[in-house]
Amino acid sequence: MLRVAVVGSGPSGVYAAQTLVQQREVPGVLVDVLDRLPAPYGLVRYGVAPDHEKIKSLQGNLRAVLEDERIRFLGNVEVGGPALPTGRLLELYHAVVYCVGAARDRMLDVPGEDLPGVHSATAFVNWYSAHPDAEAEDFALAGVRSAVVVGAGNVAVDVTRMLARGEAELRATDMPQPALGALAGSGVREVAMVARRGPSQGKFTTKELRELGTLPGVDPVVDPAELALDPAYADPRAPLPAVNRRNVEVLRSWAAAPAGGGGRRIALRFFLRPVEVLAGPDGRAAGVRFERTLPDGRGGVTGTGAYEDVEAQLVLRSVGYRGVALPGLPFDAARGTVPHAAGRVLRAGRASVGEYVAGWIKRGPTGVIGTNRPCAKETASALLQDAPALARRELPGDPLTAMRAAGLLHPVEWTGWQAIERAEQELGGSLGRRSVKIPDWPGLLGAAGVPVSR
Ligand code: NAP
(Lines give C-alpha, C1' and ligand atoms only; values in the text may rest on other atoms or scores of the structure.)
Protein backbone atom coordinates (compact mmCIF):
# COMPACT_ATOMS: atom_id res chain seq x y z
CA MET A 1 0.00 0.00 0.00
CA LEU A 2 1.18 3.53 -0.83
CA ARG A 3 -0.46 6.41 1.04
CA VAL A 4 -0.28 9.79 -0.70
CA ALA A 5 -1.51 13.20 0.46
CA VAL A 6 -2.45 15.67 -2.26
CA VAL A 7 -2.60 19.19 -0.83
CA GLY A 8 -5.18 21.23 -2.73
CA SER A 9 -8.40 20.01 -4.36
CA GLY A 10 -8.35 22.26 -7.43
CA PRO A 11 -7.89 20.83 -10.92
CA SER A 12 -4.18 20.03 -10.55
CA GLY A 13 -4.74 18.23 -7.22
CA VAL A 14 -7.69 16.23 -8.47
CA TYR A 15 -5.92 15.31 -11.73
CA ALA A 16 -2.86 14.21 -9.72
CA ALA A 17 -5.07 12.03 -7.48
CA GLN A 18 -6.79 10.58 -10.53
CA THR A 19 -3.51 9.65 -12.22
CA LEU A 20 -2.24 8.06 -9.00
CA VAL A 21 -5.18 5.69 -8.62
CA GLN A 22 -6.04 5.06 -12.28
CA GLN A 23 -2.84 3.24 -13.25
CA ARG A 24 -1.65 -0.34 -13.20
CA GLU A 25 2.06 -0.20 -12.35
CA VAL A 26 1.69 0.43 -8.61
CA PRO A 27 -1.18 -1.43 -6.95
CA GLY A 28 -2.80 -0.30 -3.70
CA VAL A 29 -2.43 3.48 -3.92
CA LEU A 30 -4.64 5.41 -1.45
CA VAL A 31 -4.91 9.18 -1.79
CA ASP A 32 -6.17 11.78 0.67
CA VAL A 33 -6.94 15.11 -1.03
CA LEU A 34 -6.59 17.81 1.64
CA ASP A 35 -7.88 21.36 1.31
CA ARG A 36 -7.69 24.39 3.58
CA LEU A 37 -11.29 25.21 2.64
CA PRO A 38 -14.29 23.09 3.64
CA ALA A 39 -15.33 22.88 -0.03
CA PRO A 40 -13.44 21.14 -2.85
CA TYR A 41 -12.53 22.17 -6.44
CA GLY A 42 -10.23 25.16 -5.79
CA LEU A 43 -10.40 27.75 -8.55
CA VAL A 44 -13.16 25.86 -10.35
CA ARG A 45 -15.42 26.76 -7.41
CA TYR A 46 -13.71 30.00 -6.35
CA GLY A 47 -12.17 31.37 -9.55
CA VAL A 48 -14.19 30.38 -12.61
CA ALA A 49 -16.76 33.14 -13.09
CA PRO A 50 -20.29 32.19 -11.94
CA ASP A 51 -21.76 32.90 -15.38
CA HIS A 52 -19.38 30.42 -17.04
CA GLU A 53 -21.65 27.46 -16.46
CA LYS A 54 -19.94 25.21 -18.98
CA ILE A 55 -16.53 25.52 -17.30
CA LYS A 56 -18.19 25.27 -13.88
CA SER A 57 -19.72 21.98 -14.97
CA LEU A 58 -16.18 20.55 -14.83
CA GLN A 59 -16.96 20.19 -11.15
CA GLY A 60 -18.92 17.09 -12.19
CA ASN A 61 -15.72 15.49 -13.54
CA LEU A 62 -13.72 16.47 -10.47
CA ARG A 63 -16.51 15.10 -8.25
CA ALA A 64 -16.40 11.72 -9.99
CA VAL A 65 -12.68 11.48 -9.18
CA LEU A 66 -13.10 12.49 -5.54
CA GLU A 67 -15.84 9.88 -5.15
CA ASP A 68 -13.43 7.08 -6.18
CA GLU A 69 -13.22 4.64 -3.26
CA ARG A 70 -9.42 4.93 -3.22
CA ILE A 71 -9.61 8.71 -2.76
CA ARG A 72 -10.73 10.61 0.34
CA PHE A 73 -11.52 14.35 0.43
CA LEU A 74 -10.55 16.06 3.70
CA GLY A 75 -11.50 19.73 3.77
CA ASN A 76 -10.86 22.34 6.48
CA VAL A 77 -7.30 21.00 6.87
CA GLU A 78 -4.64 23.69 6.73
CA VAL A 79 -1.23 22.33 5.86
CA GLY A 80 1.82 24.35 6.89
CA GLY A 81 0.21 25.83 10.01
CA PRO A 82 0.82 24.81 13.64
CA ALA A 83 -1.82 22.04 13.54
CA LEU A 84 -0.22 20.28 10.58
CA PRO A 85 3.30 21.40 9.62
CA THR A 86 4.62 20.05 6.32
CA GLY A 87 7.17 17.86 8.15
CA ARG A 88 4.39 16.16 10.14
CA LEU A 89 2.39 15.57 6.96
CA LEU A 90 5.33 13.69 5.48
CA GLU A 91 5.45 11.47 8.59
CA LEU A 92 1.79 10.53 8.04
CA TYR A 93 2.09 9.72 4.31
CA HIS A 94 4.64 8.05 2.05
CA ALA A 95 4.45 11.02 -0.29
CA VAL A 96 2.90 14.47 -0.49
CA VAL A 97 1.95 16.31 -3.70
CA TYR A 98 1.54 20.06 -3.18
CA CYS A 99 -1.04 21.54 -5.55
CA VAL A 100 -1.61 24.77 -3.65
CA GLY A 101 -1.87 27.15 -6.62
CA ALA A 102 -0.79 30.78 -6.63
CA ALA A 103 -2.75 32.51 -3.90
CA ARG A 104 -1.54 36.09 -4.06
CA ASP A 105 -2.28 38.81 -6.58
CA ARG A 106 0.43 41.04 -8.01
CA MET A 107 0.58 44.77 -7.29
CA LEU A 108 0.85 47.70 -9.71
CA ASP A 109 3.42 49.51 -7.55
CA VAL A 110 2.03 52.96 -8.32
CA PRO A 111 1.05 55.81 -5.97
CA GLY A 112 -2.56 55.74 -4.83
CA GLU A 113 -2.84 51.97 -5.09
CA ASP A 114 -3.95 51.78 -1.46
CA LEU A 115 -6.85 54.27 -1.84
CA PRO A 116 -10.35 53.10 -0.95
CA GLY A 117 -11.98 51.89 -4.14
CA VAL A 118 -8.84 50.11 -5.43
CA HIS A 119 -8.85 46.33 -5.18
CA SER A 120 -7.23 43.30 -6.66
CA ALA A 121 -9.31 41.39 -9.17
CA THR A 122 -8.71 38.39 -6.91
CA ALA A 123 -10.53 40.09 -4.03
CA PHE A 124 -13.40 40.96 -6.36
CA VAL A 125 -13.55 37.41 -7.74
CA ASN A 126 -13.42 36.00 -4.20
CA TRP A 127 -16.33 38.22 -3.21
CA TYR A 128 -18.69 37.25 -6.02
CA SER A 129 -17.52 33.61 -5.80
CA ALA A 130 -18.43 33.43 -2.07
CA HIS A 131 -14.87 32.65 -0.96
CA PRO A 132 -15.08 32.52 2.85
CA ASP A 133 -12.00 34.76 3.21
CA ALA A 134 -13.49 37.55 1.04
CA GLU A 135 -13.98 41.01 2.53
CA ALA A 136 -17.63 41.53 1.68
CA GLU A 137 -17.95 45.13 2.83
CA ASP A 138 -15.38 46.35 0.26
CA PHE A 139 -17.69 46.21 -2.70
CA ALA A 140 -20.51 48.66 -2.22
CA LEU A 141 -21.07 49.53 -5.87
CA ALA A 142 -24.01 51.93 -5.63
CA GLY A 143 -21.85 55.06 -6.17
CA VAL A 144 -19.75 53.56 -8.95
CA ARG A 145 -20.43 54.94 -12.45
CA SER A 146 -17.12 54.04 -14.08
CA ALA A 147 -14.67 51.26 -13.37
CA VAL A 148 -11.14 50.67 -14.62
CA VAL A 149 -9.73 47.17 -14.90
CA VAL A 150 -5.95 47.20 -15.35
CA GLY A 151 -4.63 44.20 -17.31
CA ALA A 152 -5.54 42.24 -20.43
CA GLY A 153 -5.70 38.60 -19.32
CA ASN A 154 -8.69 36.31 -18.88
CA VAL A 155 -9.19 37.40 -15.27
CA ALA A 156 -9.49 41.02 -16.46
CA VAL A 157 -12.07 39.88 -19.02
CA ASP A 158 -13.98 37.97 -16.31
CA VAL A 159 -14.24 40.89 -13.89
CA THR A 160 -15.05 43.33 -16.71
CA ARG A 161 -17.88 41.07 -17.85
CA MET A 162 -19.22 40.58 -14.32
CA LEU A 163 -19.33 44.35 -13.82
CA ALA A 164 -21.28 44.80 -17.05
CA ARG A 165 -23.78 41.93 -16.65
CA GLY A 166 -27.43 42.67 -15.87
CA GLU A 167 -29.50 41.33 -12.98
CA ALA A 168 -31.39 38.65 -14.93
CA GLU A 169 -28.12 37.02 -16.04
CA LEU A 170 -26.60 37.23 -12.56
CA ARG A 171 -29.68 35.76 -10.84
CA ALA A 172 -29.24 32.55 -12.78
CA THR A 173 -25.82 31.98 -11.18
CA ASP A 174 -24.91 30.60 -7.76
CA MET A 175 -23.33 33.87 -6.58
CA PRO A 176 -24.10 34.85 -3.00
CA GLN A 177 -27.15 37.04 -2.46
CA PRO A 178 -25.30 40.19 -1.19
CA ALA A 179 -22.98 40.16 -4.24
CA LEU A 180 -25.98 39.69 -6.55
CA GLY A 181 -27.72 42.63 -4.88
CA ALA A 182 -24.65 44.88 -5.15
CA LEU A 183 -23.85 44.01 -8.78
CA ALA A 184 -27.48 44.15 -9.93
CA GLY A 185 -27.98 47.51 -8.20
CA SER A 186 -24.67 49.05 -9.27
CA GLY A 187 -24.66 52.29 -11.22
CA VAL A 188 -21.78 51.16 -13.45
CA ARG A 189 -22.20 52.50 -16.97
CA GLU A 190 -18.67 52.20 -18.31
CA VAL A 191 -15.93 49.68 -17.68
CA ALA A 192 -12.52 50.39 -19.21
CA MET A 193 -10.25 47.37 -19.55
CA VAL A 194 -6.80 48.78 -20.07
CA ALA A 195 -3.71 47.06 -21.51
CA ARG A 196 -0.19 48.45 -21.37
CA ARG A 197 0.72 46.75 -24.65
CA GLY A 198 -1.11 46.36 -27.97
CA PRO A 199 -4.16 44.49 -29.23
CA SER A 200 -2.02 41.74 -30.76
CA GLN A 201 -0.44 41.14 -27.34
CA GLY A 202 -3.53 40.64 -25.18
CA LYS A 203 -3.24 37.61 -22.90
CA PHE A 204 -6.97 36.85 -23.13
CA THR A 205 -8.27 33.96 -25.21
CA THR A 206 -10.57 34.68 -28.14
CA LYS A 207 -13.67 32.93 -26.78
CA GLU A 208 -13.50 35.04 -23.63
CA LEU A 209 -12.83 38.27 -25.56
CA ARG A 210 -15.65 37.61 -28.03
CA GLU A 211 -18.12 37.08 -25.17
CA LEU A 212 -17.77 40.77 -24.23
CA GLY A 213 -19.58 41.55 -27.47
CA THR A 214 -22.54 39.28 -26.66
CA LEU A 215 -23.74 40.79 -23.37
CA PRO A 216 -27.30 42.13 -23.53
CA GLY A 217 -27.41 45.95 -23.45
CA VAL A 218 -23.61 46.28 -23.49
CA ASP A 219 -21.51 47.80 -26.27
CA PRO A 220 -17.82 46.94 -26.68
CA VAL A 221 -16.00 50.09 -27.77
CA VAL A 222 -12.55 50.29 -29.33
CA ASP A 223 -10.79 53.24 -30.89
CA PRO A 224 -9.39 52.27 -34.33
CA ALA A 225 -6.65 54.91 -34.02
CA GLU A 226 -5.44 53.40 -30.74
CA LEU A 227 -5.47 49.88 -32.17
CA ALA A 228 -3.54 51.04 -35.24
CA LEU A 229 -0.55 51.94 -33.06
CA ASP A 230 0.19 48.19 -33.08
CA PRO A 231 2.04 47.27 -36.31
CA ALA A 232 0.69 43.71 -36.07
CA TYR A 233 -2.82 45.13 -35.92
CA ALA A 234 -2.34 47.62 -38.72
CA ASP A 235 -1.04 44.92 -41.08
CA PRO A 236 -3.67 42.14 -41.45
CA ARG A 237 -1.00 39.84 -42.98
CA ALA A 238 1.32 40.12 -39.97
CA PRO A 239 2.47 36.68 -38.77
CA LEU A 240 0.85 36.13 -35.35
CA PRO A 241 0.09 33.09 -33.21
CA ALA A 242 -3.45 31.89 -33.99
CA VAL A 243 -5.01 33.13 -30.75
CA ASN A 244 -3.58 36.64 -31.16
CA ARG A 245 -4.64 36.75 -34.80
CA ARG A 246 -8.20 35.81 -33.83
CA ASN A 247 -8.20 38.39 -31.01
CA VAL A 248 -7.16 41.06 -33.49
CA GLU A 249 -9.95 40.02 -35.85
CA VAL A 250 -12.53 40.39 -33.06
CA LEU A 251 -11.20 43.82 -32.11
CA ARG A 252 -11.13 44.88 -35.75
CA SER A 253 -14.80 43.95 -36.13
CA TRP A 254 -15.72 46.01 -33.08
CA ALA A 255 -13.67 48.97 -34.29
CA ALA A 256 -15.65 48.89 -37.57
CA ALA A 257 -19.06 48.52 -35.89
CA PRO A 258 -21.30 51.57 -35.49
CA ALA A 259 -21.82 52.67 -31.88
CA GLY A 260 -24.76 50.74 -30.42
CA GLY A 261 -27.41 52.08 -28.08
CA GLY A 262 -26.70 49.75 -25.14
CA GLY A 263 -26.99 51.13 -21.63
CA ARG A 264 -23.47 50.05 -20.65
CA ARG A 265 -20.14 50.30 -22.43
CA ILE A 266 -17.01 48.24 -22.23
CA ALA A 267 -14.08 50.29 -23.50
CA LEU A 268 -11.10 48.18 -24.54
CA ARG A 269 -8.06 50.42 -24.26
CA PHE A 270 -4.49 49.71 -25.34
CA PHE A 271 -0.97 51.16 -25.00
CA LEU A 272 -1.69 52.79 -21.65
CA ARG A 273 0.35 51.96 -18.57
CA PRO A 274 -0.86 52.95 -15.11
CA VAL A 275 1.29 55.50 -13.30
CA GLU A 276 -1.01 56.70 -10.49
CA VAL A 277 -4.43 56.17 -8.97
CA LEU A 278 -5.99 59.61 -8.49
CA ALA A 279 -7.95 60.56 -5.37
CA GLY A 280 -11.21 62.49 -5.38
CA PRO A 281 -12.21 65.13 -2.79
CA ASP A 282 -13.62 62.35 -0.57
CA GLY A 283 -10.23 60.62 -0.48
CA ARG A 284 -11.48 57.68 -2.54
CA ALA A 285 -10.22 56.60 -5.95
CA ALA A 286 -11.63 58.86 -8.66
CA GLY A 287 -9.54 57.83 -11.66
CA VAL A 288 -6.33 56.36 -13.00
CA ARG A 289 -3.57 58.31 -14.70
CA PHE A 290 -2.01 56.37 -17.55
CA GLU A 291 1.06 57.09 -19.64
CA ARG A 292 0.60 56.53 -23.35
CA THR A 293 3.05 53.87 -24.57
CA LEU A 294 4.27 52.83 -28.00
CA PRO A 295 5.68 49.54 -29.26
CA ASP A 296 9.46 49.31 -28.88
CA GLY A 297 9.85 46.84 -31.76
CA ARG A 298 10.98 44.04 -29.42
CA GLY A 299 7.57 43.03 -28.04
CA GLY A 300 7.65 45.59 -25.23
CA VAL A 301 6.61 49.23 -25.00
CA THR A 302 8.22 52.55 -24.18
CA GLY A 303 6.65 55.54 -22.45
CA THR A 304 5.91 58.65 -24.49
CA GLY A 305 5.58 61.23 -21.71
CA ALA A 306 1.96 61.85 -22.71
CA TYR A 307 -0.66 61.10 -20.06
CA GLU A 308 -4.37 60.37 -19.98
CA ASP A 309 -6.67 60.29 -16.96
CA VAL A 310 -9.54 57.77 -17.00
CA GLU A 311 -12.38 58.31 -14.55
CA ALA A 312 -13.11 55.44 -12.15
CA GLN A 313 -14.70 55.11 -8.74
CA LEU A 314 -13.68 51.44 -8.76
CA VAL A 315 -10.22 50.29 -9.84
CA LEU A 316 -9.41 46.59 -10.16
CA ARG A 317 -5.85 45.51 -10.79
CA SER A 318 -5.79 42.28 -12.73
CA VAL A 319 -2.12 41.83 -13.48
CA GLY A 320 -1.62 38.17 -12.62
CA TYR A 321 -1.16 35.95 -9.59
CA ARG A 322 1.87 34.94 -7.57
CA GLY A 323 2.65 31.75 -5.66
CA VAL A 324 3.07 32.00 -1.89
CA ALA A 325 5.78 30.20 0.11
CA LEU A 326 4.47 27.35 2.27
CA PRO A 327 6.42 27.10 5.55
CA GLY A 328 8.74 24.11 5.35
CA LEU A 329 8.82 23.92 1.55
CA PRO A 330 11.60 25.42 -0.57
CA PHE A 331 10.49 28.44 -2.62
CA ASP A 332 11.88 30.40 -5.53
CA ALA A 333 10.77 33.92 -4.60
CA ALA A 334 11.69 35.38 -8.00
CA ARG A 335 9.43 32.95 -9.87
CA GLY A 336 6.86 32.47 -7.13
CA THR A 337 7.12 28.67 -7.54
CA VAL A 338 8.62 25.66 -5.76
CA PRO A 339 11.84 24.45 -7.42
CA HIS A 340 11.31 21.02 -8.96
CA ALA A 341 12.49 18.52 -11.55
CA ALA A 342 9.57 16.88 -13.41
CA GLY A 343 7.44 17.55 -10.31
CA ARG A 344 9.97 16.26 -7.71
CA VAL A 345 10.61 19.05 -5.17
CA LEU A 346 14.26 20.09 -5.17
CA ARG A 347 16.03 20.94 -1.92
CA ALA A 348 19.46 22.45 -2.53
CA GLY A 349 19.29 21.11 -6.07
CA ARG A 350 18.47 17.49 -5.09
CA ALA A 351 15.15 15.68 -5.27
CA SER A 352 13.58 15.62 -1.81
CA VAL A 353 12.27 12.18 -0.85
CA GLY A 354 8.47 12.01 -0.96
CA GLU A 355 7.75 15.65 -1.88
CA TYR A 356 6.17 16.69 -5.18
CA VAL A 357 4.42 19.68 -6.77
CA ALA A 358 1.84 20.16 -9.54
CA GLY A 359 -0.21 23.01 -10.98
CA TRP A 360 0.50 26.73 -10.59
CA ILE A 361 2.88 26.31 -7.64
CA LYS A 362 4.98 24.13 -9.97
CA ARG A 363 4.87 26.03 -13.27
CA GLY A 364 3.49 29.49 -12.38
CA PRO A 365 0.01 30.95 -12.97
CA THR A 366 -0.41 30.17 -16.66
CA GLY A 367 -2.65 28.13 -18.90
CA VAL A 368 -6.28 27.06 -18.75
CA ILE A 369 -7.79 24.36 -16.53
CA GLY A 370 -6.90 21.60 -19.00
CA THR A 371 -3.21 22.58 -18.85
CA ASN A 372 -3.17 21.07 -15.37
CA ARG A 373 -3.85 17.57 -16.66
CA PRO A 374 -0.48 16.92 -18.36
CA CYS A 375 1.24 18.91 -15.60
CA ALA A 376 -0.27 16.70 -12.87
CA LYS A 377 0.40 13.56 -14.94
CA GLU A 378 4.09 14.36 -15.16
CA THR A 379 4.28 14.74 -11.38
CA ALA A 380 2.23 11.62 -10.64
CA SER A 381 4.43 9.60 -13.02
CA ALA A 382 7.56 10.73 -11.17
CA LEU A 383 5.94 9.72 -7.87
CA LEU A 384 4.92 6.32 -9.22
CA GLN A 385 8.48 5.70 -10.41
CA ASP A 386 9.69 6.43 -6.88
CA ALA A 387 6.91 4.33 -5.28
CA PRO A 388 8.87 1.13 -4.55
CA ALA A 389 11.40 3.02 -2.41
CA LEU A 390 8.78 5.28 -0.79
CA ALA A 391 6.45 2.42 0.20
CA ARG A 392 9.18 0.73 2.31
CA ARG A 393 8.66 3.24 5.12
CA GLU A 394 6.25 2.13 7.85
CA LEU A 395 3.51 4.67 8.63
CA PRO A 396 1.95 5.33 12.05
CA GLY A 397 -1.55 4.27 10.88
CA ASP A 398 -4.52 6.04 9.32
CA PRO A 399 -3.52 9.71 8.92
CA LEU A 400 -7.09 10.84 9.60
CA THR A 401 -6.98 9.28 13.08
CA ALA A 402 -3.67 11.01 13.77
CA MET A 403 -5.03 14.37 12.54
CA ARG A 404 -8.08 14.08 14.77
CA ALA A 405 -6.11 12.85 17.79
CA ALA A 406 -4.46 16.20 18.48
CA GLY A 407 -7.90 17.87 18.54
CA LEU A 408 -6.60 20.75 16.44
CA LEU A 409 -8.05 19.65 13.14
CA HIS A 410 -11.70 19.04 12.27
CA PRO A 411 -11.66 17.72 8.75
CA VAL A 412 -14.74 18.04 6.57
CA GLU A 413 -15.15 14.65 4.92
CA TRP A 414 -17.10 13.95 1.73
CA THR A 415 -20.37 13.55 3.64
CA GLY A 416 -19.74 16.99 5.19
CA TRP A 417 -19.22 18.47 1.74
CA GLN A 418 -22.44 16.84 0.53
CA ALA A 419 -24.22 18.45 3.49
CA ILE A 420 -22.83 21.86 2.38
CA GLU A 421 -24.16 21.22 -1.12
CA ARG A 422 -27.60 20.41 0.28
CA ALA A 423 -27.55 23.54 2.44
CA GLU A 424 -26.67 25.63 -0.64
CA GLN A 425 -29.58 24.08 -2.57
CA GLU A 426 -31.92 24.92 0.33
CA LEU A 427 -30.57 28.47 0.56
CA GLY A 428 -31.15 28.94 -3.19
CA GLY A 429 -34.67 27.52 -2.88
CA SER A 430 -35.52 29.94 -0.07
CA LEU A 431 -34.41 32.85 -2.31
CA GLY A 432 -36.28 31.67 -5.39
CA ARG A 433 -32.96 30.83 -7.06
CA ARG A 434 -31.04 27.69 -7.89
CA SER A 435 -28.23 26.65 -5.56
CA VAL A 436 -26.67 29.71 -3.87
CA LYS A 437 -23.21 29.54 -2.34
CA ILE A 438 -22.64 29.98 1.39
CA PRO A 439 -20.06 32.79 1.71
CA ASP A 440 -18.64 32.44 5.25
CA TRP A 441 -16.71 30.04 7.44
CA PRO A 442 -19.36 29.58 10.15
CA GLY A 443 -22.01 28.90 7.51
CA LEU A 444 -19.86 26.33 5.68
CA LEU A 445 -18.58 24.55 8.78
CA GLY A 446 -22.01 24.64 10.42
CA ALA A 447 -23.57 23.04 7.35
CA ALA A 448 -20.83 20.40 7.30
CA GLY A 449 -21.44 19.64 10.97
CA VAL A 450 -17.90 20.27 12.22
CA PRO A 451 -16.96 22.61 15.08
CA VAL A 452 -16.63 26.28 14.10
CA SER A 453 -13.28 27.25 15.57
CA ARG A 454 -12.54 30.43 13.59
P1 NAP B 1 -2.30 36.92 -17.25
O2 NAP B 1 -2.94 36.12 -18.32
O3 NAP B 1 -0.87 36.68 -16.97
O4 NAP B 1 -2.53 38.48 -17.63
C5 NAP B 1 -1.96 39.49 -16.87
C6 NAP B 1 -2.16 40.82 -17.56
O7 NAP B 1 -1.68 41.85 -16.71
C8 NAP B 1 -1.39 40.98 -18.87
O9 NAP B 1 -2.19 41.67 -19.80
C10 NAP B 1 -0.17 41.83 -18.45
O11 NAP B 1 0.36 42.63 -19.48
C12 NAP B 1 -0.80 42.72 -17.44
N13 NAP B 1 0.15 43.33 -16.53
C14 NAP B 1 1.09 42.72 -15.76
N15 NAP B 1 1.75 43.62 -14.99
C16 NAP B 1 1.22 44.84 -15.30
C17 NAP B 1 1.48 46.16 -14.86
N18 NAP B 1 2.39 46.41 -13.93
N19 NAP B 1 0.74 47.15 -15.40
C20 NAP B 1 -0.20 46.92 -16.33
N21 NAP B 1 -0.50 45.68 -16.79
C22 NAP B 1 0.22 44.66 -16.28
O23 NAP B 1 -3.03 36.73 -15.83
P24 NAP B 1 -4.55 36.50 -15.41
O25 NAP B 1 -5.50 37.25 -16.24
O26 NAP B 1 -4.54 36.70 -13.94
O27 NAP B 1 -4.79 34.95 -15.68
C28 NAP B 1 -4.03 33.93 -15.02
C29 NAP B 1 -4.25 32.60 -15.73
O30 NAP B 1 -5.57 32.13 -15.50
C31 NAP B 1 -4.07 32.70 -17.24
O32 NAP B 1 -3.42 31.56 -17.70
C33 NAP B 1 -5.50 32.74 -17.72
O34 NAP B 1 -5.67 32.32 -19.06
C35 NAP B 1 -6.17 31.81 -16.74
N36 NAP B 1 -7.63 32.09 -16.70
C37 NAP B 1 -8.39 31.48 -17.64
C38 NAP B 1 -9.75 31.76 -17.68
C39 NAP B 1 -10.59 31.09 -18.74
O40 NAP B 1 -10.11 30.20 -19.40
N41 NAP B 1 -11.83 31.52 -18.91
C42 NAP B 1 -10.33 32.64 -16.78
C43 NAP B 1 -9.52 33.25 -15.82
C44 NAP B 1 -8.15 32.97 -15.80
P45 NAP B 1 1.69 42.18 -20.27
O46 NAP B 1 1.24 41.10 -21.20
O47 NAP B 1 2.11 43.43 -20.93
O48 NAP B 1 2.66 41.69 -19.23
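## The ligand and its shell

Helix 7 (residues 154-164) gives the largest share of the shell around the ligand, three residues. Helices here are DSSP runs of H or I with at least four residues, strands are runs of E with at least two, and both are numbered from the N terminus. The model is predicted: local features need pLDDT of at least 70, side-chain atom pairs count only at pLDDT 80 or more, and totals for chains, interfaces and linings use all residues. Residues are numbered from 1 along each chain as its sequence is written, and side-chain values use heavy atoms, with hydrogens and water left out.

How many residues surround the ligand? The number is 21. The closest are A152, V155, R196, R197 and G367. A residue counts as near when one of its heavy atoms lies within 4 Å of the molecule. The shell divides into nine nonpolar, seven polar and five charged residues. Here Ala, Val, Leu, Ile, Met, Phe, Trp, Tyr, Cys and Pro are nonpolar, Asp, Glu, Lys and Arg are charged, and the others, Gly among them, are polar.

Domain 1 (2-103 + 323-411) and domain 2 (105-319) both give residues to this shell, so the ligand lies between them. The domain bounds come from an automatic or database domain assignment.

Three side chains can be picked out. In R197, an N or O atom of the side chain is 2.8 Å from an oxygen atom of the ligand. In N154, a side-chain N or O atom is 3.1 Å from an oxygen atom of the ligand. In E208, a polar side-chain atom lies 3.1 Å from a nitrogen atom of the ligand. On its own, the ligand has 930 Å² of accessible area, and the protein covers 83% of that. Such areas come from the Shrake-Rupley method with a 1.4 Å probe.

## Aromatic pairs

A pair of aromatic rings is described by the distance of the centres and the angle of the planes. Rings of Phe, Tyr and Trp (its six-membered ring) pair if their centres lie within 6.5 Å; planes under 30 degrees apart are stacked, over 60 edge-to-face, and the rest tilted. The count comes to seven aromatic pairs. Y41 and W417 form an edge-to-face pair, 5.9 Å centre to centre with 90° between the planes. Y41 sits in the loop between strand 2 (29-34) and helix 2 (42-46), and W417 in helix 17 (residues 414-430), so the pair ties together parts that are 376 residues apart in sequence. Both residues are buried, where buried means under 20% relative accessible area, exposed over 50%, and partly exposed in between (1.4 Å probe, protein chains only).

Y321 and W360 form a tilted pair: 5.2 Å centre to centre, 45° between the planes. Y321 is in strand 15 (residues 321-322) and W360 in helix 14 (residues 360-363), 39 residues apart. Y321 is buried at 14% relative accessibility, and W360 is buried at 15%. F124, W127, Y128 and F139 form one aromatic cluster.

## Positive phi and a side-chain contact

Most residues other than glycine have a negative phi. Y41 has a positive phi of about 90°. Its relative accessible area is 1%. A342 also has a positive phi, near 50°. A342 lies in the loop between strand 16 (340-341) and strand 17 (344-347). Is A342 buried or partly exposed? At 33% relative accessibility, A342 is partly exposed.

S146 lies in strand 7 (residues 146-150) and is buried at 10%. A polar contact of 3.3 Å joins the side chains of S146 and E311. A polar contact is a pair of N or O atoms within 3.5 Å; within protein, one must be able to donate a hydrogen and the other to accept it, and residues adjacent in sequence count only if both atoms are side-chain atoms.
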